[in-house]
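Have a look at the sequence and the model, and then we'll walk through it.

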Amino acid sequence: MLTLQQFDTRLFARVFRQGRNSAPVYRAAKIVSRSGDGYLHLLLPAMLAGAGSTLLPQYCVLLGSAMFFERLVYWVMKNTLRRRRPQDLVPGIRSIIKASDQFSFPSGHTSAAFCLATCTGIVLGGPFAALYLWACSVALSRVVLGVPFPGDTVAGGLIGSAIAVLTAGQLGLL
């Protein structure tokens with residue numbers, strides 16, 4: 001585990017410093033990170049409703065159920081494992097934004113983004129690829145801004161995707 005922590009810390013420092021030294025990357029990371037605050041979780045169902053999609057009820061049930069379980073698992077893991085954030089563990093590092101909570105594992109923005117992307121892919125298909133790229137960008141942006149370690153975002157992506165798939169399976173959508 002120590003070797004994994006060392007790798008995660010080295011990778012974090014490299015990504016964070018490269019982002020900090022590039023104003024365009026820093027600005028883009030702030031915008032992408034902000035897009036992971038949960039607005040799309042409301043906007044996508046609203047867009048389906050506006051389009052009169054017959055898939056809206058199925059999508060809302062899956063997304064609502066999966067997000068409920070994703071938030072529950074995220075909160076329990078984060079507050080049980082209590083992994084400190086990079087700025088608390090890596091000397092000389094100050095995150096660029098203030099985190100919404102105290103601990104970094106798993107990355108909540110990342111798990112929510114991957115849960116949304118996976119639910120969308122299961123019900124709608126096509127937009128999945130674009131949303132998956134967006135979810136990956138959210139994960140990277142969080143590291144660039146100094147909030148979680150890269151491993152926290154990998155775990156968040158796996159958790160969010162897995163919960164979406166498991167929920168869809170329980171709902172008979174797979």
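Leaving aside its neighbours within four places in sequence, which residues is Leu63 in contact with? We'll come back to that once the overall picture is in place.

## The big picture

First things first: this is a predicted model.

Picture a box of roughly 55 × 35 × 20 Å along the principal axes: that's what the C-alpha atoms fill. Of the 174 residues, 43% are buried. Now take the contacts between residues at least 6 apart in sequence: 79% of them join residues at least 24 apart.

The protein's accessible surface comes to about 9,200 Å², and carbon and sulfur atoms account for 67% of that. As for charges, there are 16 positive and 6 negative ones, and their mean positions lie 7 Å apart.

## Inside the cores

In soluble globular proteins, nonpolar side chains tend to be buried together. Here, the largest nonpolar core has 22 residues. Tyr59, Leu63, Cys115, Leu116, Cys119, Trp134 and Ala135 are the ones with the most contacts inside it. Helices H3 (39–50), H4 (56–81), H6 (108–124), H7 (128–144) and H8 (150–170) each supply at least two residues of this core, and H6 gives the most, with 8 residues.

Back to the opening question: setting aside residues within four places in sequence, Leu63 is in contact with His41, Pro45, Leu116 and Cys119. There's also a second, separate core of 13 residues, which includes Ala29, Val90, Leu145 and Val147.

## A closer look at Leu131

Is Leu131 buried or exposed? You'll find this residue in helix H7. Leu131 has a relative accessible area of 10%, and the cut-off for buried is under 20%, so Leu131 counts as buried.

What does Leu131 touch, not counting residues up to four places away in sequence? The list is Leu40, Leu44, Ala117 and Thr120.

How values were computed. Residues numbered from 1 in each chain as written. Predicted model: local features only at pLDDT ≥ 70, side-chain atom pairs only at ≥ 80, totals over all residues. Heavy atoms only, no water. Buried < 20%, exposed > 50% of the residue type's maximum accessible area, 1.4 Å probe, protein only. Contact = heavy atoms within 4.5 Å. Areas by Shrake-Rupley, 256 points an atom, 1.4 Å probe, with all protein chains shown as cover. Lys, Arg positive; Asp, Glu negative; His and termini not counted. Charge placed at Lys NZ, Arg CZ, Asp CG, Glu CD. Core = buried A, V, L, I, M, F, W, Y, C linked by side-chain atoms within 4.5 Å. Helix = DSSP H or I, 4+ residues; strand = E, 2+ residues; numbered from the N terminus.
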